[in-house]
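Here are my notes for you to read with the model open beside them. Take the points one at a time and find each residue as you go.

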Amino acid sequence: MSELIADLFISVDGCAKGSRSPAFFGFGGPDLDRWIGDQMKRPQRHLMGRKTYEALAALPEPVNDEGSPSLAATPTTVFSRTLRAVSWPQATISDDLAGTVGLLKAGDISLRTIGSLSLVSQLLGAGLVDRLRLLVFPLIAGETGLEPAFARLPDIGLDLVGQSVLDGRIVLSEYRPSGVPPYAS
């Protein structure tokens with residue numbers, strides 16, 4: 001049985017991006033690059049929404065000299081009700097989130113979200129996420145913060161299963177959803 005890992009890159013105040021923020025909120029570094037590279041080397045199927053797919057598919061493929069498969073060569077399921085075609089050879093489209101994820105989880109390859117804040121919210125809300133990894137960047141996005149990561153979600157209890165610091169400033173916390181928080185019972 002496969003595990004679904006949802007990765008989110010957020011500011012300290014929970015925003016997925018800022019109106020003036022560059023990639024990684026401007027806090028990239030060698031540890032983060034290594035972590036991303038290590039994640040890409042693992043056998044996996046990417047899950048992403050239409051907006052993320054379209055943004056990534058429009059980028060030139062980077063030269064890859066570390067043995068990681070390119071995004072376009074990685075098996076990918078794009079969730080969309082409007083997209084009709086994809087250009088990546090290993091990509092498919094689905095408009096049935098629960099059904100498709102259920103079938104994919106019955107397989108033997110790990111599932112991992114790439115970006116796709118809306119998709120991660122839907123997966124969390126449906127109870128389909130096995131591990132939530134938050135990379136928290138040292139920035140309060142405040143007035144420029146966009147896309148609150150957990151808006152419109154129900155209360156979800158989490159168990160911390162691991163934590164580390166990348167580049168001396170980015171906190172990587174890994175959680176397993178435990179269901180409803182204790183105060184709600």
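**Notes on the fold, the rings and the core**

1. Let's start with Phe9, which is partly exposed, because its relative accessible area is 24% and the buried label needs a value under 20%. Keep in mind as you look around that this is a predicted model. Tyr53 and Trp88 form an aromatic pair of the edge-to-face kind, with 4.9 Å centre to centre and 75° between the planes. Tyr53 sits in helix H2 (residues 50-57) and Trp88 in the loop between S4 and strand S5 (91-94), so this pair ties together parts 35 residues apart in sequence. Both Tyr53 and Trp88 are buried.

2. How many aromatic pairs does the structure hold? There are six. Phe9 and Phe137 make a tilted one, with 5.7 Å centre to centre and 35° between the planes. Since Phe9 belongs to strand S1 and Phe137 to strand S7, that pair ties together parts 128 residues apart in sequence. Phe137 counts as buried, because its relative accessibility is 0%. Ring pairs also join Phe9, Phe24, Phe25, Trp35 and Phe137 into a cluster.

3. Phe24 has a positive phi of about 55°, although it is not a glycine. You'll find Phe24 in the loop between strand S2 (15-18) and H1, and it counts as partly exposed at 30% relative accessibility. Arg152 is another non-glycine with a positive phi, of about 70°. Arg152 is in the loop between strand S8 (145-148) and S9, and at 82% relative accessibility it counts as exposed.

4. Now zoom out. The protein has four helices and ten strands, and along the sequence they follow the pattern β-β-α-β-α-β-β-α-β-α-β-β-β-β. The C-alpha atoms fill a box of roughly 45 × 40 × 30 Å along the principal axes.

5. Buried residues make up 41% of the 185 residues. Among contacts with a separation of 6 or more, 72% are between residues 24 or more positions apart. The accessible surface comes to about 10000 Å², and 55% of that belongs to carbon and sulfur atoms.

6. Leu32, Trp35, Gly37, Gln39 and Met40 are buried in H1. What covers them? The cover includes strands S1 (4-11), S3 (44-49), S6 (110-113), S7 (131-137), S9 (157-166) and S10 (170-179).

7. Next, the largest nonpolar core, which has 23 residues; Leu8, Leu47, Val101 and Leu123 touch the most other members. S1, helix H3 (97-105), helix H4 (117-125) and S7 are the elements that give two or more residues to this core. Which element gives the most? That is H4, with five residues. The buried residues of H4 are Leu117, Leu119, Val120, Ser121, Leu123 and Leu124, and after H4 comes Gly127, with a positive phi near 70°. As for Leu47, beyond its neighbours up to four places away in sequence, the residues it touches include Leu4, Phe79, Val101, Leu104, Leu111 and Leu119.

8. His46 is in strand S3 and counts as buried, because its relative accessibility is 0%. Leaving aside neighbours within four places in sequence, His46 is in contact with residues including Met40, Leu71, Thr76 and Arg112. Thr76 lies in strand S4 (residues 76-79) and is buried too, with a relative accessible area of 0%. Not counting residues up to four places away in sequence, Thr76 touches Arg45, His46, Met48, Leu71, Trp88, Gln90, Ala91 and Thr92.

Notes. Residues numbered from 1 in each chain as written. Predicted model: local features only at pLDDT ≥ 70, side-chain atom pairs only at ≥ 80, totals over all residues. Heavy atoms only, no water. Buried < 20%, exposed > 50% of the residue type's maximum accessible area, 1.4 Å probe, protein only. Contact = heavy atoms within 4.5 Å. Phe/Tyr/Trp six-rings, centres within 6.5 Å; stacked < 30°, edge-to-face > 60°. Areas by Shrake-Rupley, 256 points an atom, 1.4 Å probe, with all protein chains shown as cover. Core = buried A, V, L, I, M, F, W, Y, C linked by side-chain atoms within 4.5 Å.
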